[in-house]
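I opened this notebook to keep track of what I looked up in the structure, entry by entry.

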Amino acid sequence: MKIIQNKWLPPRGYSAIMLLGFLFTRDQSKVSAETIRHESIHARQMWELLVVGFYLWYIIEWLVRLCKKGNAYRNISFEREAYANEHDATYLHRRKPFAFLQFLIS
């Protein structure tokens, strides 16, 4: 994963954002191993859904979760999987395809 330091992405309040397989950060020195693992999980999810499917699903699920109790962003299945496993250095080696589906129901 290529890390790109810039002035605009991610939005303030976030340490990094992965777009199309590139990790964008405002301060590359503050990107932790956990953040890289978190974004690597998103990269795997993205390729499983053939990129466009990932972004469509992400936006639709976020919109649905806006209408529900809790933090819409943190409750998206993609984010739930990534946050649950960002501290596990071996997760991507044993992750099953479409593992985010088990996080879909809340």
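In which loop does valine 51 lie? I found valine 51 in the loop between helix 1 and helix 2, where helices (H or I, at least four residues) and strands (E, at least two) are DSSP runs numbered from the N terminus. I noted that this is a predicted model, in which local features need pLDDT of at least 70 and side-chain atom pairs count only at pLDDT 80 or more, while totals for chains, interfaces and linings use all residues. Residues are numbered from 1 along each chain as its sequence is written, and side-chain values use heavy atoms, with hydrogens and water left out.

**Entry: backbone angles**

I looked up phi for valine 51 and found a positive value near 60° in a residue other than glycine. Valine 51 counts as buried because its relative accessibility is 16%, the cut-offs being under 20% relative accessible area for buried, over 50% for exposed, and partly exposed in between, with a 1.4 Å probe and protein chains only. Leucine 50, which follows helix 1, also has a positive phi, near 55°. Phenylalanine 98, in the segment after helix 5, has a positive phi of about 60° although it is not a glycine, and with a relative accessible area of 37% it is partly exposed. I also checked the peptide bonds and found that the one from leucine 9 to proline 10 is cis, with omega near 0°; proline 10 sits in the loop between strand 1 and strand 2. For context, most residues other than glycine have a negative phi, and most peptide bonds are trans.

**Entry: strands**

I traced strand 1 (residues 2-5) to strand 3, to which it runs parallel with four bridges; two strands pair if DSSP finds at least two bridges between them. Within this pairing, leucine 23 in strand 3 is the bridge partner of isoleucine 3. Strand 2 and strand 3 are antiparallel and share three bridges, with isoleucine 17 opposite phenylalanine 24. Their hairpin has two residues between the strands, and leucine 20 there takes a positive phi near 55°.

**Entry: helices**

In helix 4, I listed Ser77, Phe78, Glu79, Glu81, Ala82 and Asn85 as buried, and what covers them includes helix 1, helix 2, helix 3 and helix 5.

**Entry: leucine 104**

I found leucine 104 in the segment after helix 5, 27 residues from serine 77 in sequence and 4.8 Å from it in space, C-alpha to C-alpha. Not counting residues up to four places away in sequence, leucine 104 touches Trp57, Glu61, Arg65, Ser77 and Arg80, contact meaning heavy atoms within 4.5 Å.

**Entry: largest pocket**

I read about 480 Å³ of space in the largest pocket. Of the 21 residues that line the largest pocket, Ala16, Ile17, Tyr58, Tyr73 and Glu79 are the closest to its centre. On a 1 Å grid over the protein atoms alone, a cavity is a set of points where a 1.4 Å probe fits but cannot get out, whereas a pocket is an open set with protein on both sides within 12 Å along at least five of seven lines, and lining residues have an atom within 4 Å of a point. Grid points are joined across faces, edges and corners, and the volume is the space filled by probe spheres set on the points. Helix 2 gives the largest share of this lining, five residues.
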